[in-house]
Amino acid sequence: MYTPIKWYHPYASTADPCPPIEWKYYQTPPNLYLGFQPTGLPQFPLKEALYKGTLWPVLFDPYPAPIRGDEH
Amino acid sequence: MWTYEKKLQYPVKVSECNPRLAKFLIEQYGGADGELSAALRYLNQRYSIPDKVIGLLTDIGTEEFAHLEMIAAMVYKLTKDATPEQLKEAGLGAHYANHDKALFYHNAAGAPWTATYIQAKGDPIADLYEDIAAEEKARATYQWIINMSDDPCLNDSLKFLREREIVHSQRFREAVEILKQEQNKKQFY
């Protein structure tokens, strides 16, 4: 399943001056995966689309992305 | 830490003294999409990018310094035997007044190199897309310089450098694919 947040475990040395941040996160927006947008995709109702900034749920990318329970 | 091999990555031969070509070529030395910008951009972005692509930025950033050295050798060979009069005719009078025949990090129009040429946004996707764009712009610059050059020996080296831009762009695109990979499922090969 598509996840808008990716994470990695940066290297931390025992000589680091501060306690290490164990996980770092970055967001991968949906436009990275869509390719050329097909026609006829589902659309938000017009009023909702005006608030969201896009007509298509497939391009809607909330920030910060909601983190699911099974993620770090 | 680096080790240095006292040879060029690809041989540089120049058929004739041609300071006008050197003036154009300096774009790849100290221009916005030049080799100095590329090396510093990649080697600086390494620290705040996911571990999986740090090695790629190190390797490509290092190779860009090897390219910088090739461009320097080209510019030096194209100008080293030119008289001040020839430099003036080639549009390098202002350069000669300031630097004699010394190389300097500026673009073809004489604007000095500036750190505003490079970016580090901290977002891995934004940074890698910047790197891909930089490689394509450098490839285009090589094409425009080759279009203006009638030196077959020099063009041979420039075509090698242009090809390296293509390979680097491809590797950066692969890095984006790695960062796009889903993490909440097992990978099957």
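This note walks through a predicted model with chains A and B.

1. **Ground rules.** Residues are numbered from 1 along each chain as its sequence is written, and chains are lettered from A, with ligands numbered from 1, in the order in which they are written. Because this is a predicted model, local features need pLDDT of at least 70 and side-chain atom pairs count only at pLDDT 80 or more, while totals for chains, interfaces and linings use all residues.

2. **Chain B overall.** Chain B has eight helices and zero strands. Helices (H or I, at least four residues) and strands (E, at least two) are DSSP runs, numbered from the N terminus. The sequence order is α-α-α-α-α-α-α-α. The C-alpha trace of chain B spans about 70 × 30 × 30 Å along its principal axes.

3. **Burial and contacts in chain B.** Of the 189 residues in chain B, 34% are buried. Buried means that 20 or more other C-beta atoms lie within 10 Å of the residue's own; exposed means 12 or fewer, and partly exposed is in between, with C-beta atoms placed from the backbone. Take the contacts in chain B between residues at least 6 apart in sequence: 77% of them join residues at least 24 apart. Two residues are in contact if their C-beta atoms, placed from the backbone, lie within 7 Å.

4. **The largest nonpolar core.** This core has 33 residues. A nonpolar core is a set of buried Ala, Val, Leu, Ile, Met, Phe, Trp, Tyr and Cys residues joined through C-beta atoms within 7 Å. B:Leu25, B:Ile71, B:Met74 and B:Val75 touch the most other members. Two or more residues come from each of α1 (19-25), α3, α4, α7 and α8 (152-180) of chain B. Helix α4(B) gives the largest share, nine residues. Not counting residues up to four places away in sequence, B:Leu25 touches B:Ile71, B:Met74, B:Val75 and B:Ile145. In soluble globular proteins, nonpolar side chains tend to be buried together.

5. **Helix α3 of chain B.** This helix covers residues 35-45 and is mostly covered, with eight of its 11 residues buried. Among the buried ones are B:Glu35, B:Arg41 and B:Tyr42. The buried residues of α3(B) pack against α2 (27-30), α4 (54-79) and α7 (124-148) of chain B.

6. **B:Glu135.** This residue sits in helix α7 of chain B. B:Glu135 counts as buried because 24 other C-beta atoms lie within 10 Å. Leaving aside neighbours within four places in sequence, B:Glu135 is in contact with B:Glu165, B:His168, B:Ser169 and B:Phe172. The C-alpha atoms of B:Glu135 and B:Ile166 are separated by 7.1 Å, with the two residues 31 apart along the chain.

7. **Where A meets B.** In the interface, 13 residues of chain A are in contact with 10 residues of chain B. On the chain A side, β1 (5-8) and α1 (31-34) give two or more residues each. The largest share, three residues, comes from β1(A).

8. **Backbone points to check.** Most residues other than glycine have a negative phi, and most peptide bonds are trans. B:Asp100 has a positive phi of about 55 degrees although it is not a glycine. B:Asp100 lies in the loop between α6 (93-99) and α7 of chain B. B:Asp100 counts as exposed because it has 9 C-beta neighbours inside 10 Å. In chain A, the peptide bond from A:Tyr63 to A:Pro64 is cis, with omega near -5 degrees. A:Pro64 is in the segment after α2 (46-52) of chain A.
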